[in-house]
Amino acid sequence: LFHFALAFGSKSELSRMFSSGVGAIGQQFGADPLGWIGGGVAIYADRDAFWDELRNAKDHWDFMGDHAYRLPLALHVEVKDPLKLAGFLTALRALADGSAPGLTKWETKTWHEQGYVKIAPAETGDEARDKMAVYYAALPDAFVLSLREDLLQRAIDRRIGPPGSW
């Protein structure tokens, strides 16, 4: 539906701004927390019935508030160093577990022999909140993040090739 991409360099103004913005927390990720990022970052939206439902909703803000977990958006980040990405994700999880223990559930899942992770809130009893989750796949050449598991699975399919190749 749309695809917004931008070049990303470790010496760019955007990279320096992010690195300086994370400050002391960034030190837990190592000297260069973004050293795993390759040359580009993209955000894209897949075609989905969600967009028609949003367009036809009487109140767009209420609809978004109730259905934000269904947004068919993904973040795609090129990876130049998968080992640094692994270190970054390990530090991120340790930080989350150490600073907010018990508030999230991390689940490793598999799609066509490719592992990915689901991060969801611990059971809250709030139906809308319990539906929220973030999914990510750390691939050798890409990191993909989405609120939608099916969208992440389609991204994995595009990365690994046509059916029958897995």
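The side chain of Ser146 approaches the backbone nitrogen of Arg148 to 3.0 Å in this predicted model, a polar contact being a pair of N or O atoms within 3.5 Å, in which, within protein, one must be able to donate a hydrogen and the other to accept it, and residues adjacent in sequence count only if both atoms are side-chain atoms. Ser146 lies in strand 7 (residues 142-146); helices (H or I, at least four residues) and strands (E, at least two) are DSSP runs, numbered from the N terminus. With a relative accessibility of 3%, Ser146 is classed as buried (buried, under 20% relative accessible area; exposed, over 50%; partly exposed, in between; 1.4 Å probe, protein chains only). Beyond its neighbours within four places in sequence, Ser146 contacts Leu73, Ala74, Ala133, Val134, Tyr135 and Leu151, where contact denotes heavy atoms within 4.5 Å.

Residues are numbered from 1 along each chain as its sequence is written. The model is predicted, so that local features need pLDDT of at least 70 and side-chain atom pairs count only at pLDDT 80 or more, whereas totals for chains, interfaces and linings use all residues; side-chain values use heavy atoms, with hydrogens and water left out.

The chain contains 6 helices and 7 strands, arranged along the sequence as β-α-β-α-α-β-α-β-β-α-β-β-α. Of its 166 residues, 33% are buried.

The structure holds 9 salt bridges, each defined by a side-chain nitrogen of Lys or Arg within 4 Å of a carboxyl oxygen of Asp or Glu. In one of them, Arg148 pairs with Asp48, with 2.7 Å between the closest N and O atoms. This pair links distant parts of the chain, 100 residues apart: Arg148 is in the loop between strand 7 and helix 6 (149-160), and Asp48 in the loop between strand 2 (37-45) and helix 2. Arg148 is buried at a relative accessible area of 11%, whereas Asp48, at 21%, is partly exposed.

Helix 2 (residues 49-56) includes Leu54, which is buried at 16% relative accessibility. Asp52 forms a salt bridge with Arg55, the closest N and O atoms lying 3.1 Å apart. Because Asp52 and Arg55 are 3 residues apart in helix 2, about one helical turn separates them. A further salt bridge connects Arg70 with Glu53 at 2.9 Å between the closest N and O atoms. Arg70 is buried at 17% relative accessibility, while Glu53 is partly exposed, with a relative accessible area of 34%.
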